[in-house]
Amino acid sequence: MAAAEARIDVRRAAPGRLLLIAAALLFLGLFLVLPLLAVFVQALAKGVSAYVAAISDPMAWAAVKLTLTVAAIAVPFNLVFGVAAAWAIAKFEFRGKNTLITLIDLPFAVSPVIAGLIFILLFGSHGWFGGYLKAHHIRVVFAVPGIVLATIFVTFPFIARELIPVMQAQGKDDEESALSLGATGWQTFWRVTLPNIRWGLMYGVLLCNARAMGEFGAVSVVSGHVRGLTNTMPLHVEILYNEYNYTAAFAVASLLALLALLTLVGKSFLEWRQPELKHAARLAHDRTRREKT
Amino acid sequence: MATPVAAVEVKEPTPRRLPQRVLPGFGLTLGYTMVYLSLIVLIPLSAVFFRSLGSGWGHFWDVVTAPRVVASLRLSFGASLTAALINVIFGFMVAWVLVRYSFPFKRLVDAMVDLPFALPTAVAGIALTALYAPNGWLGIWLKSFGISVAFTPLGIVVALTFIGLPFVVRTLQPVLEDLDREVEQAAATLGASALQAFARVILPALWPALLTGFALAFARAVGEYGSVIFIAGNMPMKSEIAPLLIVTKLEQYDYAGATAIAVVMLVLSFALMFGINALQNWALSRHGGR
């Protein structure tokens, strides 16, 4: 691979190649690096002490806490679902499987704003269950449960979508051997399947968590923007920004940008452990190709 | 998919395939998947459609054909189309450079491509606004050419280009890696110029992936909200995207209006998604059939 690359590099050491590389890097620099840089520069524009003051503000801390809480509820929910869905889809053949996969992807095709809207239509004061909830003094919309629900909806496909191809690539030979050696179903799952899919699982959790903590549109619609109560970090950024408190807005934003960078580092690490993860759809595809030959 | 032995008529839904199910948990996992999918996605989504039926066809049509709504839909779809096209061109370039050439910090550059997936949209929104505002790093420079980006539809295109950037690169990369270089070299030995080899050999193999990447970037851009609202300026009829109009109507307690716009967007997005799926299945079957 490396030798072939080097050979081609020598053969094409033309100005065209350098021009292409320069153009691609310029595009990425302009659209990726510069915005990221701007976040940190703006956050520190008034000095470190202003930065520290902005992120140690109690309202900012309340937002951080809420964001962590919401992610800590939403991600495990979608993790259990993702494992169950991947088990059913990857290990068994049944009618309507492709339709099911399409339906799991459905939230990706829904605007985050609409994801928020549907929960208002269900649980808002004029919603389907609005009367019941009001009678029992339960608040869903404009409260934390609504934020959690909207986040679960928006991040719904992430883990399932990473796990399905990983489990498909693994096949079911390992599990079948374990069962024939006398292991129970649960033992097989915990001792055989889970170790096999651990990198894929972490990959899915990482991506799901990044989106859960960063979600803006869906959460914005159902939150009600009560400061210190229903304000997640992205919503807090918006409020500060709209108050022209740019330094504070970018300071909180810089925490989210750090989270994004950490996510990218983790993602690169997992891709290094299991290179196929990068293009998950290839896992299953490669396997079918291997079987054919 | 279909095995030749599967033609046995079985009425019960249980053992449809002949190879017996050795692994346990099919009923449990599929059952759980269906219940969870219905509770979180299908039933809530259906609420939008039932709600819009509830207020009658006449009202739905009035809302959807109102000039402000039409303008916002046109802007959302137009800006998304432009951004997706920009991403096809530059995404292709980035994927090509990453697969074919080696240069310093290539790994880092490759990892950075996913930044728009990882960076919260609100952060992207305020960062891009800070850059392109009339006094921003890029805005000040563009102003000397008489171009204003922030608070105009052009700003929306910039935000949507950022959001959709990884899609084209990530769908093209594996296909480019699989592309047999020997075919290109064969074309070259047969006397094809680099351009001819590109147009006749490389492009035909890539266009399903290009189209998929385009459609994914487009679909994501149409629904995008967080990164756009900061940079757009949000002037009705001019720089107001459809998702923002849904939020505006919700804030005025106009649930029927918000729902009607949502239905139009959902129908268009679903049509797009089913198109992508059909395209991918078609491309996979063609690819696998070689």
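Chain B averages a pLDDT of 86, and 91% of its residues score at least 70, where pLDDT is the predictor's confidence in each residue, from 0 to 100. This is a predicted model, in which local features need pLDDT of at least 70 and side-chain atom pairs count only at pLDDT 80 or more, while totals for chains, interfaces and linings use all residues. Residues are numbered from 1 along each chain as its sequence is written, and chains are lettered from A and ligands numbered from 1 in the order in which they are written. The model as a whole scores ipTM 0.88 and pTM 0.88. Within chain B, confidence is highest in helix 6 (residues 121-132), at a mean of 96, and lowest in helix 9 (residues 181-189), at 79. Over residues 1-10 of chain B pLDDT stays under 50, and for this stretch the model has five contacts beyond four places in sequence; two residues are in contact if their C-beta atoms, placed from the backbone, lie within 7 Å.

Chain B has 13 helices and zero strands, where helices (H or I, at least four residues) and strands (E, at least two) are DSSP runs numbered from the N terminus. The radius of gyration of chain B is 24 Å, well over the 19 Å that the globule rule gives for 290 residues, so chain B is more spread out than a compact globule; this radius is taken over C-alpha atoms, and the rule is 2.2 Å times the number of residues to the power 0.38. Along its principal axes, the C-alpha trace of chain B spans about 65 × 60 × 30 Å. Of the 290 residues of chain B, 42% count as buried, a residue being buried if 20 or more other C-beta atoms lie within 10 Å of its own, exposed if 12 or fewer, and partly exposed in between, with C-beta atoms placed from the backbone. Among contacts in chain B between residues at least 6 apart in sequence, 75% join residues at least 24 apart.

Chain A has 15 helices and zero strands, and its C-alpha trace spans about 65 × 65 × 30 Å along the principal axes. Buried residues make up 48% of the 293 residues in chain A. This chain is divided into domain 1 (1-43) and domain 2 (46-292), with bounds that come from an automatic or database domain assignment. The C-alpha centres of domain 1 and domain 2 of chain A lie 31 Å apart, and five residues of domain 1 are in contact with eight residues of domain 2. The side of domain 1 of chain A that touches domain 2 has four nonpolar, one polar and no charged residues; here Ala, Val, Leu, Ile, Met, Phe, Trp, Tyr, Cys and Pro count as nonpolar, Asp, Glu, Lys and Arg as charged, and the others, Gly among them, as polar.

Where the two chains meet, the contact takes 77 residues from chain A and 72 residues from chain B. Helix 2 (residues 15-43) of chain A gives the most to the side of chain A that touches chain B, with 16 residues. That side of chain A divides into 54 nonpolar, 11 polar and 12 charged residues.

The largest nonpolar core has 175 residues, and those with the most contacts inside it are A:I114, A:L117, A:V252, A:A253, B:V123 and B:I126; such a core is a set of buried Ala, Val, Leu, Ile, Met, Phe, Trp, Tyr and Cys residues joined through C-beta atoms within 7 Å. Helix 4 (residues 58-91) of chain A gives the most to this core, with 16 residues. Domain 1 (1-43) and domain 2 (46-292) of chain A both give residues to the core, so it lies between them. Not counting residues up to four places away in sequence, A:V252 touches A:A54, A:I55, A:A60, A:M233, A:H236, A:V237 and A:L240.

A few single residues complete the tour. A:L133 lies in helix 7 of chain A and, with 19 C-beta neighbours inside 10 Å, counts as partly exposed. A:H137 lies in the loop between helix 7 (130-135) and helix 8 (144-154) of chain A, and its phi is near 55°, a positive value in a residue other than glycine. A:H137 is exposed, with 6 other C-beta atoms within 10 Å. In chain B, B:F105 lies in the loop between helix 3 (67-100) and helix 4 (106-112), with a phi near 60°, a positive value in a residue other than glycine. B:F105 is exposed, with 10 other C-beta atoms within 10 Å.
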